[in-house]
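Please look at the sequence and the 3D structure shown below before reading on.

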Amino acid sequence: MKEIEKILQEESNRCLKCKNSPCKNGCPINTPIPEIITLFQNKEYEKAGEILFENNPMSLICSLVCSFESQCMGSCIRGIKGKSVDFPKIENFLMKKYLEENEEKTVENKNKNKNKNKNKKIAVIGSGSAGLAGAFNLANNGYDVTVYDNNEKIGGMFRYGIPEFRLAKTNIDLLEKKINDSYKFVNNTSFNIEKISELKNTYDAVLISTGTWTPKELKIEGMELEHVSYAIDYLKNNINFGKNKKVVVIGAGNVAMDAARTAKRQGNDVVIAYRRDIESSPATKVEIEDSLGDGVKFLTFVSPVKIVPEGIILERTYYDDNNKLQNIKNSQFLYSCNNVIIAVSQTSEFSLELLEKNSISNENGYFYAGDLVSGPETVVKASLSGKNNAKLIDNYLTKKGESYV
Ligand code: SF4
């Protein structure tokens, strides 16, 4: 037995197989954790991998980037008095093994329903977590699925928005090899409202999962200056400022942490400037700890006022007696820096209102999934949304004319 396998087998023996499975309930996509751990202990690796993959085709990605501390591990009974069972490591082992050993067995080859719905064509726009989970589940039900994406490769935000040190691209490539034969992939293709409307001339249903790629603007002066970038563009385009620059990141969510850690690893002095205290940051505790571990600094209780060629003007903030955040008058100061990265969330290119106004709606066979609906969310939540929408589309196509929800 390999060393890692031995360590994980020992870890799995700490599982109490709790009857009410709090770990499973704490997982957004209800991964059957105790069942998987039992299969792992019995060395039924392929079966365990198959269950994980069928439940959540993003399982390998989730095993690396999920917010474990607030989900499976945060709910684990073992964690009350000590250390939670490290299920993500077991999941990672199983998924890597499953995908590596089953590359040639395509979903189509295994698909029992492959002739059931083969005359029904479905378009999926966007190949991020929601789109891929939707496409996988629809293909598994025998539908003829085509996935469109405006990037060259599949993966959307988890390929282009999560840096290599958090999610190595080899994992995405492994998933791609396994999943690619279940649908046709059309890359480098973007859509506007008119093009989306036209899809119904060719397809029986359309799943729109275009994500949130438009950075939210910071409405302050100086945004047009050359040393200002948006975090999502910075990450997607692998921008490198060069070494020994002073970089300020505005915002404190997970994307801000990813941008800050990337800039730090490029050899820069990086500060995250945030209006509140670190504890109020929307980033996960682990992300904050990892950022600190990488040497990223935090400047809290400051609000951006204006970007100037020498850096950024910040203003100090505080909580008043009603716990409301207030700016401190006459507290503005120049924070000198070479680059400013804006990371105050992203929004979608199309609003749901705009889509509905153009009859791109459920009644007409259009479904929406993932971040487009929820705003920027985790890989696992987007995967669940894609899976749920695949069910809605199946109901829509098999019970047309009846209620399908
Ligand atoms: S909560 Fe923890 S100990 Fe209980 S079944 Fe889940 S992983 Fe095992």
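## Basis of the model

This is a predicted model, in which local features need pLDDT of at least 70 and side-chain atom pairs count only at pLDDT 80 or more, while totals for chains, interfaces and linings use all residues. Residues are numbered from 1 along each chain as its sequence is written, and side-chain values use heavy atoms, with hydrogens and water left out.

## Domains

The domain assignment, which is automatic or comes from a database, gives domain 1 (3-101), domain 2 (113-213 + 348-398) and domain 3 (215-345). Between the C-alpha centres of domain 1 and domain 3 there are 35 Å.

## The sheet from E3 to E16

Helices (H or I, at least four residues) and strands (E, at least two) are DSSP runs, numbered from the N terminus, and two strands count as paired if DSSP finds at least two bridges between them. In the order E3-E2-E1-E4-E16, 5 strands form an open sheet with parallel pairing. Strand E3 (184-186) and strand E16 (366-368) stand at the edges with a single partner strand each, so one side of each has no neighbour in the sheet. From one strand to the next, the twist averages 20 degrees, where axes are lines fitted to C-alpha atoms, for helices over the stretch in contact, and angles run from 0 to 180 degrees between N-to-C directions.

Strand E1 (residues 121-125) pairs in the parallel sense with strand E2 (residues 144-148) over 5 bridges, and Ile122 stands opposite Val145 in E2. Helix H10 (residues 129-140) packs on this sheet, touching E1, E2 and strand E4 (205-208), where contact means heavy atoms within 4.5 Å; the direction of H10 makes about 165 degrees with that of E2.

## The sheet from E6 to E9

A further open sheet of 5 strands has the order E6-E14-E7-E8-E9, again with parallel pairing. Its edge strands are strand E6 (228-230) and strand E9 (297-300), each of which pairs on one side only.

Of the 6 residues of E8, 5 are buried, buried being under 20% relative accessible area with a 1.4 Å probe and protein chains only. Parallel strands E7 and E8 are joined by 5 bridges, and Ile250 stands opposite Ala273 in E8. The chain crosses from E7 through H15 to E8 in a right-handed β-α-β crossover, a term used if, with the strands pointing away from the viewer, the path from the first strand over the helix to the second runs clockwise.

Methods
Buried < 20%, exposed > 50% of the residue type's maximum accessible area, 1.4 Å probe, protein only.
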